[in-house]
Amino acid sequence: GQTCCGQPAYNSGYQREARRAARAMLRAFSTSEFVVSPSASCAAMIRLHYPELFRGRAEQADAKALAGRTYEICEFLTEVVGVSGLPVSLRAQAVFHSSCHARRLLRADTAARTLLGMVDGLELLPLEREQDCCGFGGTFSVKMPSVSTAMVSEKAEHILATGAEMLLGVDMSCLMNISGYLEKHGARMRTRHVIQVLDEGWAT
């Protein structure tokens, strides 16, 4: 019964449609002990906006409860599971894109860095103006494509300047946006979600 979390509708001002999607999520995860998302953006929608979306409505308590047990996956591994070491090895130089939702809304971007710090052989290179948005922003990139393209162009320029082999992040929407721009302009760089790095480098 899981559907979209409703964020595109919510960000566009369609609160009734967003509630419809959110109700499906409340039903789907009503008995879950934890809800873990590989997208900081989706996790932020559930955790921060569901309680507001259902304020004063019958689902208010359920929305608040779901928000309280929803985590971005890196945050879940470090703060709930308490992972302190991993049998992961990956020889590469990489650059980490800290997405807006992970950094500004969830304040969980340090969790991904903590996990990446456990990867033997992985070197994270400093990124100029790391805090800058990649320009995707969900429906923002559709409504304001020229501004979005200018933002991702600047982000890509800074990423390429590092000389890194890989681009890492915790929001696939950001990674798809940046990698799509890089590919379109002939730049070759592997793009991976942090969890993909752990999977690929896991010692078997």
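Modeller: Two residues are in contact when they have heavy atoms within 4.5 Å of each other. This is a predicted model, where local features need pLDDT of at least 70 and side-chain atom pairs count only at pLDDT 80 or more, while totals for chains, interfaces and linings use all residues. Residues are numbered from 1 along each chain as its sequence is written, and side-chain values use heavy atoms, with hydrogens and water left out.

Biologist: Which residues does Gln2 touch, not counting residues up to four places away in sequence?

Modeller: Gln2 touches Met25, Ala28 and Phe29 under that rule. Gln2 sits in the segment before H1. Here helices (H or I, at least four residues) and strands (E, at least two) are DSSP runs, numbered from the N terminus.

Biologist: Is Gln2 buried or exposed?

Modeller: The terms have cut-offs: buried is under 20% relative accessible area, exposed is over 50%, and partly exposed is in between (1.4 Å probe, protein chains only). Gln2 is exposed because its relative accessible area is 57%.

Biologist: How should I read the length of a helix, and what does H3 reach from its first C-alpha to its last?

Modeller: The expected span of a helix is 1.5 Å times one less than its number of residues. H3, residues 40-53, has 14 residues and reaches 18 Å, close to the 20 Å expected. H2 also has 14 residues and reaches 20 Å, close to the 20 Å expected.

Biologist: Where does H3 bend?

Modeller: A bend at a residue is the angle between axes fitted to the seven residues ending there and the seven starting there. H3 bends by about 30° at Arg47, and the proline Pro51 follows within four residues.

Biologist: Which residues of H3 are buried, and what covers the buried residues of H3?

Modeller: Ala40, Ser41, Ala43, Ala44, Met45, Ile46, Tyr50 and Leu53 are the buried residues of H3. Their cover includes the helices H1 (7-11), H2 (15-28), H4 (60-68) and H6 (100-105), along with the strands E1 (35-37) and E2 (70-72). In H2, the buried residues are Ala18, Arg19, Ala21, Ala22, Ala24, Met25 and Leu26. The cover of those H2 residues includes H1, H3 and H4.

Biologist: What volume does the largest pocket have?

Modeller: Rolling a probe the size of a water molecule over the atoms shows where empty space is left. On a 1 Å grid over the protein atoms alone, a pocket is an open set of points with protein on both sides within 12 Å along at least five of seven lines, whereas a cavity is a set where a 1.4 Å probe fits but cannot get out; lining residues have an atom within 4 Å of a point. Grid points are joined across faces, edges and corners, and a volume is the space filled by probe spheres set on the points. The largest pocket has a volume of about 380 Å³. Its lining has 22 residues, of which Gln7, Ser41, His101, Gly137 and Gly138 lie nearest the centre. H1, H3, H6 and helix H10 (172-184) are the elements that give two or more residues to this lining.

Biologist: How do the residues of that lining divide into nonpolar, polar and charged?

Modeller: Ala, Val, Leu, Ile, Met, Phe, Trp, Tyr, Cys and Pro count as nonpolar, Asp, Glu, Lys and Arg as charged, and the others, Gly among them, as polar. The lining of the largest pocket has ten nonpolar, eleven polar and one charged.

Biologist: Which residues line the second largest pocket?

Modeller: Among them are Gln2, Met25, Phe29, Cys42 and Ile46. E1 and H3 each give two or more residues to this lining, and E1 gives the most, with three. The volume of the second largest pocket is about 160 Å³. Its lining divides into nine nonpolar, three polar and no charged.

Biologist: What is the phi of Arg107?

Modeller: Most residues other than glycine have a negative phi. Arg107 has a phi near 55°, a positive value in a residue other than glycine. Arg107 is in the loop between H6 and helix H7 (109-116), and is exposed at 63% relative accessible area. Arg129 likewise has a positive phi, near 50°. Arg129 lies in the loop between strand E4 (120-124) and H8, and is partly exposed at 40%.
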